[in-house]
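The following explanation is intended to be read alongside the sequence and the coordinates. Please keep both in view while reading.

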Amino acid sequence: MTAAALSLRGLRYRWPGAAADTLAIDELSLLPGDTVFLRGPSGCGKSTLLSLAAGVVLPDAGEAQLLGQSWAGLGASARDRHRAAHLGYIFQQFNLLPYLSVLDNVRLPLRFSPARARRAGPGAAEALLERTGLPSTLWGQRADRLSVGQQQRVAAARALIGAPEVVIADEPTSALDEPLREAFMALLLDSCAQAGSALLFVSHDARLAERFARVVDLPTLNHAGRPA
Amino acid sequence: MTALLSLATRSAWNRRFVLALVVLSIALSTLLLLGIERIRQDLRANFSQAVSGTDLIVGARTGPVQLLLYSVFRIGNATNNIRVSSIEAIARHRAVAWTVPLSLGDSHRGFAVLGTTGAYFQHFRYGQKQALVLAQGRAFGEMPAGLYEAVVGADVARRLGYTLGQRIVLAHGDGAMRENDHADKPFTVVGILAPTGTPVDRTVHISLPAIEALHIDWAAGTRLPGQTLSAEQAAAQDLTPRSVTAALVGLKSRAAVFSVQREVAAYRDEPLLGILPGVALDELWDVVGLGERGLQAMSALVAAVSLAGLVAVILAGLNERRRELAILRAVGAGPRQVLALLALEGLLVTAAGVLLGAAACWGAVALLGGWVQGQFGIVLRLLPPGSAEWQLMAAVLAGGLLASLLPGWRAYRLSLADGLSPRT
């Protein structure tokens with residue numbers, strides 16, 4: 001059996017000061033190269049789950065592991081290094097630093113992780129941008145000159161630079177209209193497959209689910225706050 | 001670190017319009033700090049350049065600082081005159097090499113008039129024991145032909161456009177009232193001194209008998225009615241001076257300076273005071289030092305205010321940058337790197353302000369130095385920053401770094417609390 005790229009087991013989390021658990025998950029794991037669609041409306045603990053998976057917050061109970069390494073077993077700086085080296089992250093929107101060029105935005109993770117920079121090697125950012133179909137005349141432009149659809153494609157390229165083992169995408173298509181959404185999904189899934197990255201994709205849009213190997217319903221998975 | 005530095009630079013550049021105001025305010029406070037330091041140093045240099053080679057200054061009994069101020073710097077007035085016979089007695093002392101009597105009180109268009117003797121041009125020294133040099137003409141001549149002759153300092157000649165042969169009218173006292181002009185006894189400029197950077201440049205020199213001639217028909221500070229004497233009539237009178245304001249004394253050996261000083265103080269015929277110029281200057285610095293420290297404290301406060309502005313601006317912008325912080329966290333920046341980023345930004349802004357302020361200070365000295373010299377007689381030197389300047393600039397920088405730890409700390413807390421989902 002192969003070790004899971006990302007695994008959450010017996011997870012409990014309660015926001016400080018909250019009366020009840022925000023999140024209670026028994027088991028969720030992604031094998032290398034796995035693609036999982038996590039469906040859920042807003043307000044069902046989605047952001048919390050992603051923060052736990054990315055090791056930005058630590059669970060009150062249970063374990064969250066990236067590549068077999070428990071987040072709780074690492075110090076704060078080591079968690080930042082581990083995340084920088086092995087995880088790509090795409091936000092809903094506003095993924096890019098407006099004051100950097102498109103190319104520098106894609107290279108951003110390499111600044112914080114020498115390990116990832118080594119893996120990426122020279123020319124990785126250009127190769128990834130090439131795949132996005134973004135004309136190379138735009139690569140040197142400031143990121144805020146791009147349209148929303150273009151920005152999300154650049155965000156995908158950034159998440160995938162240096163081929164991280166896991167990519168987490170938090171509703172990346174919610175700001176895109178139909179044709180842009182299709183193009184983005186194709187780019188993201190192809191790129192993940194190419195890099196061998198497992199993809200955890202969160203959305204409330206059930207129409208996107210068919211493209212994924214597995215579909216998980218978050219309200220079903222999370223039994224926190226449910227009447228006993 | 002270089003990765004963070006380039007990020008901090010570009011992030012700050014992105015908000016340059018707001019930050020430029022902060023840079024400007026830090027630049028102004030740096031200019032203030034450096035400018036005051038420059039003036040402080042140059043003022044001291046100017047003052048200590050003003051007299052050298054004089055072992056004692058003798059005047060009526062008063063405070064040493066006051067005697068120094070009126071005799072050398074033409075600031076303030078003498079409380080009393082001293083008799084010429086007293087100076088003659090001092091001159092007869094075996095340790096005394098020379099004496100130069102000084103008689104002050106009149107003015108010419110804002111410049112002091114000094115009555116003295118030919119010995120002044122021979123013995124007076126300034127700076128590094130430099131003697132006075134006549135740029136044009138000659139010293140005032142002997143009686144009676146040279147009675148109404150004047151030698152003007154370099155600033156007097158330059159500001160008033162005087163050349164040799166110029167006829168000038170001296171004024172009694174500070175020249176505030178026109179009827180106090182000595183218009184009936186005009187003088188002729190016969191010599192113009194080379195610039196010295198000392199009060200000599202702003203002085204009109206005439207002979208002691210000329211001072212007597214000017215005041216022969218005056219008593220108790222006013223013209224005697226019905227006793228007006230013309231210039232020629234005055235010249236025919238006995239113009240032997242009876243009293244002067246002060247005297248410069250040179251000794252044969254500096255070793256005797258304290259014993260001569262004691263003997264001057266113990267002089268029986270009238271109360272006298274002898275001061276060592278260097279010692280009196282130190283006393284002056286003690287007095288001036290209080291004001292200087294006040295000015296320095298004020299400009300330090302101004303610097304603190306502009307650094308508070310820096311903190312306020314960065315803090316105010318932080319809420320809108322929570323998205324930026326979340327992106328940085330997502331690509332692997334730790335909260336400590338976020339703190340470092342904010343601290344670097346503050347440091348960069350402060351450094352830009354300090355550089356701009358320093359440049360402005362040197363620019364101001366270069367541009368306004370001539371004007372300040374003409375207006376206030378202070379020679380401002382265009383020098384590379386000395387240790388005091390470096391210390392001031394380093395202090396502002398350190399203050400900026402320290403102040404930016406505050407927004408840095410706030411960003412650290414925010415990025416810990418927000419993680420990847422900024423609540424904006």
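The model is a predicted one, and the description should be read accordingly. Chain B contains 13 helices and 17 strands. With 424 residues, chain B would have a radius of gyration of 22 Å under the globule rule; its value is 31 Å, well over that figure, so chain B is more spread out than a compact globule. The dimensions of the C-alpha trace along its principal axes are about 100 × 45 × 35 Å. Of the 424 residues in chain B, 41% are buried. When contacts in chain B between residues at least 6 apart in sequence are considered, 80% of them join residues at least 24 apart.

Within chain B, one may turn to an open sheet of 4 strands, which follow the order β3-β16-β1-β17 with antiparallel pairing. Its edges are formed by β3 (96–102) and β17 (272–275) of chain B, each of which pairs on one side only. From one strand to the next, the twist averages 25°. Strand β1 (residues 56–60) of chain B is joined to β17(B) by 4 bridges in the antiparallel sense. Which residue of β17(B) is the bridge partner of B:Gly59? The partner is B:Leu273.

Helix α4 (residues 84–91) of chain B lies across β1, β3, β16 (246–251) and β17 of chain B, and runs at about 165° to β3(B). Helix α9 (residues 257–265) of chain B likewise lies across β1, β3, β16 and β17 of chain B, at about 160° to β17(B).

In helix α11 (residues 322–330) of chain B, 7 of the 9 residues are buried, so the helix is largely enclosed by the rest of the structure. The buried residues are B:Glu324, B:Leu325, B:Ala326, B:Ile327, B:Leu328, B:Arg329 and B:Ala330. After α11(B) comes B:Gly332, which has a positive phi near 110°.

Chain A also has an open sheet of 4 strands, here in the order β2-β1-β4-β5, and the pairing is antiparallel. The edge strands of this sheet are β2 (23–30) and β5 (69–70) of chain A, each pairing on one side only. Strand β4 (residues 61–66) of chain A pairs with β5(A) in the antiparallel sense over 2 bridges, and A:Leu66 stands opposite A:Gln69 in β5(A). Helix α1(A) packs on the sheet and touches β1 (6–13), β2 and β4 of chain A, its direction making about 125° with that of β1(A).

Why can α1(A) be described as largely enclosed by the rest of the structure? The description holds because 8 of the 8 residues of α1(A) are buried. These residues are A:Lys46, A:Ser47, A:Thr48, A:Leu49, A:Leu50, A:Ser51, A:Leu52 and A:Ala53. Their cover includes β1, β2, β4, β7 (166–170), β8 (198–203) and α8 (218–221) of chain A. The helix α1(A) is followed by A:Gly55, whose phi is positive, near 70°.

A helix pair can also be examined in chain A. The axes of α3(A) and helix α6 (residues 148–160) of chain A come within 7 Å and cross at roughly 35°, and the crossing is right-handed. On the α3(A) side, the contact is made by A:Val102, A:Asn105, A:Val106, A:Leu108 and A:Pro109, while α6(A) provides A:Val154, A:Ala157 and A:Arg158. By class, the residues of this contact divide into 6 nonpolar, 1 polar and 1 charged.

Technical notes. Residues numbered from 1 in each chain as written. Chains lettered and ligands numbered in written order. Predicted model: local features only at pLDDT ≥ 70, side-chain atom pairs only at ≥ 80, totals over all residues. Pairing = 2+ DSSP bridges. Axes fitted to C-alpha atoms, helices over the stretch in contact; angles between N-to-C directions. Contact = placed C-beta atoms within 7 Å. Rg over C-alpha atoms; globule rule 2.2 N^0.38 Å. Buried ≥ 20, exposed ≤ 12 C-beta atoms within 10 Å, placed from the backbone. Left-handed = near helix turned anticlockwise from the far one by under 90°. Nonpolar A, V, L, I, M, F, W, Y, C, P; charged D, E, K, R; others polar.
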